[in-house]
Amino acid sequence: MHYVYVIYSLSADRYYIGETVDIQERIHQHNTHFFKGAFTTIASDWKLALLFTCSDRPAALKVEKHLKQMKSKQYLTRLHNDIAAQEKLKLIIRDKYGIEVQ
């Protein structure tokens, strides 16, 4: 399994999109600034906002790229707060890329 995640920082009021095989470790790395010079060093209060499960890394990278191309905080906020929007995204990913996302 591979995961696409969206984390949110209240203090920075920003979202970050990434992919990983170990979500808990990755959030810990973001909050402890393991990735020096990375965008997520702007805050230490990152929390999981969304999590999508993919079958493998190539699928996860396509989903991650799709979300990043949206370039919209408003879109991510809607996804975060609206299960119907999440389900619609899953259908778009399935139809556009042939990827089943959980």
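Trainee: Is His-66 buried or exposed here?
Mentor: His-66 is buried, with a relative accessible area of 7%, where buried means under 20%, exposed over 50% and partly exposed in between, using a 1.4 Å probe and protein chains only. This is a predicted model in which local features need pLDDT of at least 70 and side-chain atom pairs count only at pLDDT 80 or more, while totals for chains, interfaces and linings use all residues. Residues are numbered from 1 along each chain as its sequence is written, and side-chain values use heavy atoms, with hydrogens and water left out.

Trainee: Okay, and which residues does His-66 touch?
Mentor: Leaving aside residues up to four places away in sequence, His-66 touches Leu-89, Ile-92, Ile-93, Lys-96 and Tyr-97, contact meaning heavy atoms within 4.5 Å.

Trainee: Which helix is His-66 found in?
Mentor: His-66 is found in helix H2; helices (H or I, at least four residues) and strands (E, at least two) are DSSP runs numbered from the N terminus.

Trainee: Switching to the sheet, what order do the strands have?
Mentor: The order is S2-S1-S3 in an open sheet of 3 strands with antiparallel pairing, and two strands pair if DSSP finds at least two bridges between them.

Trainee: Which strands stand at the edges?
Mentor: Strand S2 (14–20) and strand S3 (46–54) do, and each has a single partner strand, so one side of each is left without a neighbour in the sheet.

Trainee: How many bridges do S1 and S2 pair over?
Mentor: Strand S1 (residues 2–9) pairs with S2 over 7 bridges in the antiparallel sense, and Val-6 has Ile-17 in S2 as its bridge partner.
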